[in-house]
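User: Hi, I have just opened this one and would like a walk through it. Could you help me read it piece by piece?

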Amino acid sequence: METLYRAHEIAAWFLIVSNAVVGAWALAAQYVPALRHRLLWYTTGVAQVSTIVVAVIGALIVNEGVELEAFHALYGFSTIFAVAILYSYRNSPFIADKLHLLYGCGGLFIAGLGIRALFLDGSAALDSSAVLDAFDTAVALLIS
């Protein structure tokens with residue numbers, strides 16, 4: 001059970017950090033065309049898939065009989081819905097020239113939902129090792 005908690009915490013920090021980074025990158029790319037690379041979309045995909053990873057690990061923890069805070073699952077699953085909404089708008093004709101803006105704001109929104117879910121009950125302490133593990137994983141994915 002402790003392993004699942006640790007995996008959930010690391011995955012949650014990965015979700016927060018990666019979505020914040022790609023969100024900021026996409027926002028910058030909206031205004032600085034030199035930042036528009038194919039790598040942005042690959043890293044955005046990895047960051048957004050992390051929403052499902054966190055939810056699956058969380059579901060496994062709940063399956064073990066752990067009770068959640070009232071809104072923890074709401075904020076957690078809202079990240080998945082946010083990804084789905086972003087994906088549904090990507091081919092919309094009225095957003096074509098604002099795609100980087102859409103994904104920039106969306107990535108920051110998802111990161112914010114992750115932060116809210118993590119600190120919902122006010123007792124979550126900042127575990128620097130989990131943050132560093134998530135950051136190392138994000139950097140390794142970007143480099144490879």
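User: Let me start with a detail: where does Phe94 lie?

Analyst: Phe94 lies in the loop between α3, which covers residues 72-89, and α4, which covers residues 99-118. Please keep in mind throughout that this is a predicted model.

User: Is Phe94 buried or exposed there, and why?

Analyst: Phe94 counts as exposed, because its relative accessibility is 57% and the cut-off for exposed is over 50%.

User: Which residues form the nonpolar patch on the surface?

Analyst: The patch is formed by Phe77, Phe81, Ile85, Tyr89 and Phe94, which together have about 550 Å² of accessible area.

User: Let me step back for a moment. What does the secondary structure come to?

Analyst: The protein has 5 helices and 0 strands, so that, read from the N terminus on, the order of its elements is α-α-α-α-α.

User: And how much of the protein is buried?

Analyst: Of the 144 residues in the protein, 35% are buried. The accessible surface comes to about 8300 Å², and carbon and sulfur atoms account for 69% of that surface. As for contacts between residues at least 6 apart in sequence, 82% of them join residues at least 24 apart.

User: How many aromatic pairs does the structure hold?

Analyst: The structure holds 3 aromatic pairs. One of them is made by Trp41 and Tyr103, whose ring centres are 5.3 Å apart and whose planes stand at 80°, so this pair is edge-to-face. It links distant parts of the chain, since Trp41 is in helix α2 (residues 38-63) and Tyr103 is in helix α4, 62 residues apart.

User: Which ring does the charged end of Arg90 sit over?

Analyst: The charged end of Arg90 sits over the ring of Tyr87, at 3.8 Å from the centre of that ring.

User: Now salt bridges, please. How many are there?

Analyst: The count comes to 2 salt bridges. In one of them Arg6 is joined to Glu9, with the closest N and O atoms 3.5 Å apart. Both residues lie in helix α1 (residues 2-31), where they are 3 residues apart, about one turn of the helix. Arg6 is partly exposed at 26% relative accessibility, and Glu9 is also partly exposed, with a relative accessible area of 21%.

User: Why can such side chains pair at all?

Analyst: Side chains of opposite charge can pair when their charged atoms come close. A further salt bridge here is the one between the side chains of Lys98 and Asp97, at 3.4 Å from N to O. Lys98 counts as partly exposed at 35% relative accessibility, while Asp97 is exposed, with a relative accessible area of 53%.

User: One last thing: which residues is Ser50 in contact with, leaving aside its neighbours within four places in sequence?

Analyst: With those neighbours left aside, Ser50 is in contact with Phe14, Leu15, Ser18 and Asn19. Ser50 itself lies in helix α2, and it counts as buried because its relative accessibility is 6%.

Notes: Residues numbered from 1 in each chain as written. Predicted model: local features only at pLDDT ≥ 70, side-chain atom pairs only at ≥ 80, totals over all residues. Heavy atoms only, no water. Patch = residues over 30% accessible without salt bridge, like charges linked within 9 Å, V, L, I, M, F, W, Y side chains within 5 Å. Areas by Shrake-Rupley, 256 points an atom, 1.4 Å probe, with all protein chains shown as cover. Salt bridge = Lys/Arg side-chain N within 4 Å of Asp/Glu carboxyl O. Helix = DSSP H or I, 4+ residues; strand = E, 2+ residues; numbered from the N terminus. Buried < 20%, exposed > 50% of the residue type's maximum accessible area, 1.4 Å probe, protein only. Phe/Tyr/Trp six-rings, centres within 6.5 Å; stacked < 30°, edge-to-face > 60°. Lys NZ or Arg CZ within 6 Å of the ring centre and 35° of its normal. Contact = heavy atoms within 4.5 Å.
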